[in-house]
Amino acid sequence: MREAIGLSNSSMLSIKDLTYSFSDERPIFQKISLDVQPGEFVSVIGASGSGKSTLFKLITGLLEPDVGEIRIGQQDTKRRLGQVGYMPQKDLLLPWRTVLDNVLLPLEVTKEKSQEKIPGVREWLACFGLADYENAYPNELSGGMKQRVAFLRTLVTGRDLLLLDEPFGALDSLTKRNMHSWLLGLWGELRKTVLFITHDLEEAILLSDRIYLLKGNGIQEIKVSLPRPRSSELIYQSDFMAMRKELEWLIQHER
Ligand SMILES: Nc1ncnc2c1ncn2[C@@H]1O[C@H](COP(=O)(O)OP(=O)(O)O)[C@@H](O)[C@H]1O
Ligand SMILES: [Mg+2]
């Protein structure tokens, strides 16, 4: 079992009694709470429109809760902007910038000395199988490669908590499976904390320590007690299938 890392007992992310609504409508979230420990891989699932992407915007600080508290590490709740590595659902690479320049973008935005980071980024590109594509433009890349570039762009922010909004949603199933193996290996190595949105239940079970299901305007936690390290072969095993059935039942009996 992979142990949670970090010095403290404190959470990497803590959300307490969060309520949020767009305009005067019925709240998308009504007093929801969740917690993510350092080094965990946690997925967020829920029907389309259940508020998954909105939850991420609240965590990053792009939106503010109506009521409740969102804390990233020890930071003051009001100072969340720039504290996480965020890969939005539609993370389009800029078509007029090369792979390298796309990856360096967040460092330019925060006015860090991006030139000094180039050797490190080159090493990463090699690890990600993109060594020969440093000067390529996004339209020359496959879907899986584009997602790896977008992920690397999230990683170079240097943040410990990564929020990934359906990063593999648009990929075909074979590419997706390769990306799962790749991400599982990488996560084991990097020891980052990941909060991962998906609507693919198999993906959620395969990757996660825990899953949060958004239902109605509430939230439900499901623990995934499958041993690690995991490989995509796991999906054919009976305890995996049982877990999948349980999740499907929970989703269908939402209300
Ligand atoms: N900026 C916005 N203004 C008003 N309503 C919004 C806005 N963004 C999202 N919504 C609504 O909030 C709900 C949740 O959206 P979203 O978080 O994108 O869901 P998900 O990512 O789970 O598919 C949806 O009903 C959506 O229409
Ligand atoms: Mg979404």
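## Close-up views of the predicted model

**View 1. The magnesium ion (ligand 2) is held by Ser53 (OG) and Gln89 (OE1), its protein donors, at 2.1 to 2.3 Å.** Ser53 belongs to helix 1 (residues 52–60), while Gln89 sits in the loop between strand 5 (85–87) and helix 2 (99–109), so this pair ties together parts that are 36 residues apart in sequence. The two donors also sit in their own surroundings. Ser53 has 18% relative accessibility and counts as buried, because the cut-off for buried is under 20%. Gln89 is partly exposed, at 39% relative accessible area. Like every view here, this one comes from a predicted model.

**View 2. An open sheet of three strands runs in the order 2-1-4, with antiparallel pairing.** Strand 2 and strand 4 (67–72) are at the edges with a single partner strand each, so one side of each has no neighbour in the sheet. From one strand to the next, the twist averages 15°. Look at strand 1 and strand 4: five bridges join them in the antiparallel sense. Within that pairing, Lys16 stands opposite Glu69 in strand 4. Helix 1 packs on this sheet and touches strand 1, strand 2 and strand 4, its direction making about 115° with that of strand 1.

**View 3. Asp17 and Lys31 have positive phi values without being glycines.** For Asp17, phi is about 50°. You'll find Asp17 in strand 1 (residues 13–20), where it is partly exposed with a relative accessible area of 36%. Lys31 also has a phi of about 50° and is part of strand 2 (residues 29–36). Lys31 is exposed, with a relative accessible area of 55%.

**View 4. Six strands make an open sheet, in the order 5-6-7-3-8-9 and with mixed pairing.** The edge positions go to strand 5 and strand 9 (218–223); each has a single partner strand, so one side of each is left without a neighbour in the sheet. Ignoring direction, neighbouring strands of this sheet are turned by 15° against each other on average. Zoom in on strand 6 (residues 161–165) and strand 7 (residues 193–197), which run parallel and are joined by five bridges. One residue pair to pick out here is Leu164 with its bridge partner in strand 7, Phe196.

**View 5. Helix 7 (residues 238–252) lies across strand 3 (41–45), strand 8 (210–215) and strand 9.** Against strand 9, helix 7 runs at about 170°. Between strand 9 and helix 7 there is a loop, and Pro229 has its place in it. Check the backbone there: the peptide bond joining Arg228 and Pro229 is cis, with omega about 0°.

**View 6. Helix 2 and helix 4 (residues 143–155) pack with their axes 7 Å apart, at an angle of about 35°.** The crossing of helix 2 past helix 4 is right-handed. On the helix 2 side, the residues in contact are Val99, Asn102, Val103, Leu105 and Pro106; they meet Val149, Leu152 and Arg153 in helix 4. Sorted by class, the contact holds six nonpolar, one polar and one charged residues.

**View 7. Phe128 is buried, at 2% relative accessibility.** Phe128 has its place in the loop between helix 3 (114–127) and helix 4. Leaving aside neighbours within four places in sequence, Phe128 is in contact with Arg148, Phe151, Leu152, Leu155, Trp182 and Leu186. Take Trp182: along the chain, Trp182 and Phe128 are 54 residues apart, yet their C-alpha atoms are separated by 8.7 Å.

**View 8. His180, in helix 5 (residues 173–190), is buried with a relative accessible area of 7%.** What does His180 touch, not counting residues up to four places away in sequence? Its contacts are Phe168, Glu203, Leu206 and Leu207.

Methods:
Residues numbered from 1 in each chain as written. Chains lettered and ligands numbered in written order. Predicted model: local features only at pLDDT ≥ 70, side-chain atom pairs only at ≥ 80, totals over all residues. Heavy atoms only, no water. Donors = N, O, S within 2.8 Å, 3.2 Å for Na, K, Ca; no water. Helix = DSSP H or I, 4+ residues; strand = E, 2+ residues; numbered from the N terminus. Buried < 20%, exposed > 50% of the residue type's maximum accessible area, 1.4 Å probe, protein only. Axes fitted to C-alpha atoms, helices over the stretch in contact; angles between N-to-C directions. Left-handed = near helix turned anticlockwise from the far one by under 90°. Contact = heavy atoms within 4.5 Å. Nonpolar A, V, L, I, M, F, W, Y, C, P; charged D, E, K, R; others polar. Pairing = 2+ DSSP bridges.
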